[in-house]
Amino acid sequence: MQTKRSMVLTPSKTRKYLIILWSLYALPVVAFVVIMILIGHGKMGFMPGFEQLENPQTNLASEIITEDQELLGKYFIENRTFVNFRDLSPYLVDALVATEDVRYYSHSGIDMRSLARVLVKSLILGRDEGGGSTISQQLAKNLFPRDTIVSRTSIGKAAHMAVMKFKEWNTGVRLERSYTKDEIIVMYLNTVAFGGESIVGIQSAARTFFNTTPDSLTLDQAAILVGMLKAPTAFNPRINPVRSFHRRNTVLGQMEKYGYIDREVADSVKQQPISIDYNLASHLSGYAKHFRIFLSEFMNKDKPQLPGKNAGILEWERYRRDSLRWATDPLFGWINKNYKPDGTQYNLYRDGLKIFTTINYKMQQYAEEAVEVQMKDYLQPAFFREKKGRTNAPFEDISREEIRQILYRTVRWTERYQHLAAAGVSWDSILQVFDQPVRMQVFSWDGPVDTVMSPMDSIRYMKHILRAGFMAMDPVTGQVRAFVGGHNYRYFQYEHVYQGRRQVGSTIKPFLYLLAMQENYSPCEMIPLVPITFEDVVNDSTYTPRAPSLKFEGKKVSLKWGLATSHNWVSAWLFKNFNPENVIRIMRKMGVTSYIDPVPSLIYGPSDISLEEMLGAFNTFSNSGIYVSPNYVTRIEDRYGNVIATFHPRETEAISEETAYLMLTLLRNVVDMTGQYMGEYYAGTANRLRHFYEFEGELAGKTGTTQNQSDGWYIGLAPRLTAGAWVGGEDRSIHFDMLGMGAGGNVALPIYAEFLKRVYADTTLNITQEDEFDKPMDFFLNLDCPDIAEAGSSGFDEF
């Protein structure tokens, strides 16, 4: 048994215990200080430096803006757009502080009371009370994410997490020294994720869930979004509306508790059901999908490289075209021509650029509606009816072996084939896979259809769907107002304005007539309507163009009648009297860069040319003989609003003002001409714009139809708007049987008409039927002349 004396501590033992106790107290403090010093000097992994804190790098979405200041779409890896503090709803800031960091305005990055709460309740009592992170620390985690190193032991995991938290404390304190409280809040809201990479930042969240802007968020909406910060998926109002309802009310309770709203307001809003207006942004949503992808690819073009020794004519032709565009169009390959001040390349998907396009939002909407009305309600049902029950449908004029090769070529374009081929599956086995019915979703004009069919049958079905392209531009500025590369980008990604090149048919004929106008011929010039035969010296043969009708054979007809009715014999007469090389030369001056073969069949338009090229060339007639290149973008701004690039169209005086007006006169007759000769009726090929659509203003244009009705075109000129459409099958062997259904005046012209009807009806666009084409000063033209006359009656020499 111990005595009382033995229990008394000696002075030396007292000092020893005191040293141990103070050491135990000081050790964590010293360890904490040492760890923070090591972290601050980057000895325990990456830490942002001063420059990185002052200029944190985040992925920002680039915005595509229309000329009428509407958001057309975005390019993004993370759909994030920065806003300023003044752009935030006060409800949003109050809800954030009340819920996430109530002492935000009184601490300097670390909330000691919150940390003590976490230590006592979470670590000692074992209750989940949150992590105690301040808004500044959460911002640090957003800007400089935690590393992904994973330890296998529980001790290692705990140590790793502790180091991460210390780093966030350190960075949070440093952020507080570099930014004001308001700046930290807006930086946090700009960087926080509300659901994956497609909804990052408060701007995207407000637009996605409520179709509004951050400054217009209501109390209810602000509480819903702040409630999502704890768990974006669990409290997503679209996926989990019940959880979102309760979480929103928790946020409202916090706001009431800390005096941001009174009880009556809180109780009233808590009774409201969850209501959202969901608009998830994606590359496949909204208008002008083909245009947005086209613009991205156009701006990212590489400098053209010389084709290899074994390259074919198509590769060399593409090299020539792209080299010319690279040299003359600053927007073509802009990403690879321009660099940031630090010498790095711009990135459309990361750098938060603002690209101000020439597209008019309303006109783009009207153009897409016009395409859908014509294709969905008229052309496609008619095409299905015509091909129904045919063994080779939708193909015509080719053998079964040729059909098989087309289908096999399409098989090789599919992702299914590429995955199978990459796995080493043989061609025969792949074909067996493509013949097995599977569940799939296919395109229809009424929306995707769930069905069961073999992949091969689905390819044949999709071949039935007719394709279309449409573009509209301002005649003077060249600014492109509408760009419809096709319909439903998800299923039809090939673009038919810039990328697609198809035979242009009779839309090439005005350039033949242009040569005659330059040689002082009049639209009233009378020529004999007789067959014209060409000799092919190389092949020792002859060639005589066909005529659509022989009812006026042997008569004399005016040039204006020849173009209005698109008669091949008149075009053949012009071709034989004027050097075809001159036709190509003038088309080059008017912006056509595609290859054109100077052969007699040129009058049929067999050359493959893009809609963009044809529209730019025709626009020269409206623009007093000045060719102006189609212009897609006016300026680009960086993420800070600095203008870093401006763009202007190229202008070239291609033809004289007087000649351009003569051509307008000829092209107006394509729309206006109607008449009778000896009981036989005739009309311009675009006259339905008058008698069916009942347009009254000045209009000009040209229809075009290629062999077998494989391509239908219409290029239309109005005094203040130039527009054109192309319609056809994916392959040239896919077409209507008869000219009456497949002609350009039946398949393409209605798209133009539907578009123009909507434009005229919208008074805000200031384009009316009272507009007139500009006429040269002191220019007189007498068109009071017959369209058709008996041979020898006009006084002109016989051909």
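Contact here means heavy atoms within 4.5 Å, and helices (H or I, at least four residues) and strands (E, at least two) are DSSP runs numbered from the N terminus. Axes are lines fitted to C-alpha atoms, for helices over the stretch in contact, with angles running from 0 to 180 degrees between N-to-C directions. The model is predicted: local features need pLDDT of at least 70, side-chain atom pairs count only at pLDDT 80 or more, and totals for chains, interfaces and linings use all residues. Residues are numbered from 1 along each chain as its sequence is written, and side-chain values use heavy atoms, with hydrogens and water left out.

**First stop: a mixed sheet and its helix**

Select residues 289–299, helix α12, which lies across β1, β2, β3 and β15 (633–637) and runs at about 50° to β2. These strands belong to an open sheet of 5 strands in the order β2-β1-β3-β15-β16, with mixed pairing; two strands pair if DSSP finds at least two bridges between them. At the edges are β2 (71–75) and β16 (643–646), each pairing on one side only. From one strand to the next the twist averages 20°. Next, select 62–65 and 354–357: these are β1 and β3, parallel strands joined by 3 bridges. Within that pair, I64 has I355 of β3 as its bridge partner.

Select 181–191 for helix α7, where 9 of the 11 residues are buried (under 20% relative accessible area; exposed is over 50%, partly exposed in between, with a 1.4 Å probe and protein chains only). Among the buried residues of α7 are I184, I185, V186 and M187.

Then show α9 (219–228) with α10 (241–257), whose axes come within 8 Å and cross at roughly 105°. The two helices are therefore roughly perpendicular to each other (65 to 115 degrees; under 35 is roughly parallel, over 145 roughly antiparallel, the rest oblique). Residues of α9 in the contact include L219, D220 and A223, and those of α10 include S244, R247 and R248. The contact comprises 7 nonpolar, 2 polar and 3 charged residues. Ala, Val, Leu, Ile, Met, Phe, Trp, Tyr, Cys and Pro count as nonpolar, Asp, Glu, Lys and Arg as charged, and the others, Gly among them, as polar.

Which residues of α19 (455–463) are buried? They are P455, M456, S458, I459, M462 and K463. They cover an arc of only 160° around the axis, which puts them on the same side of α19; the arc is that of the directions from the helix axis to the C-beta atoms. Their cover includes α16 (400–413), α17 (415–422) and β6 (467–473).

L431, V433 and F434 of α18 meet P455, M456 and I459 of α19. This contact has 6 nonpolar residues, no polar and no charged.

**Last stop: backbone exceptions**

Most residues other than glycine have a negative phi, and most peptide bonds are trans. Select A393 and P394: the peptide bond between them is cis, with omega near 5°. P394 lies in the loop between α15 (361–387) and α16, and D397 is found in the loop between α15 and α16. D397, not a glycine, has a positive phi of about 70°. Finally, select Q709, in the loop between β20 (700–705) and β21 (711–718), where phi is positive at about 60°. Is Q709 buried or exposed? At 14% relative accessibility, Q709 counts as buried, whereas D397, at 57%, counts as exposed.
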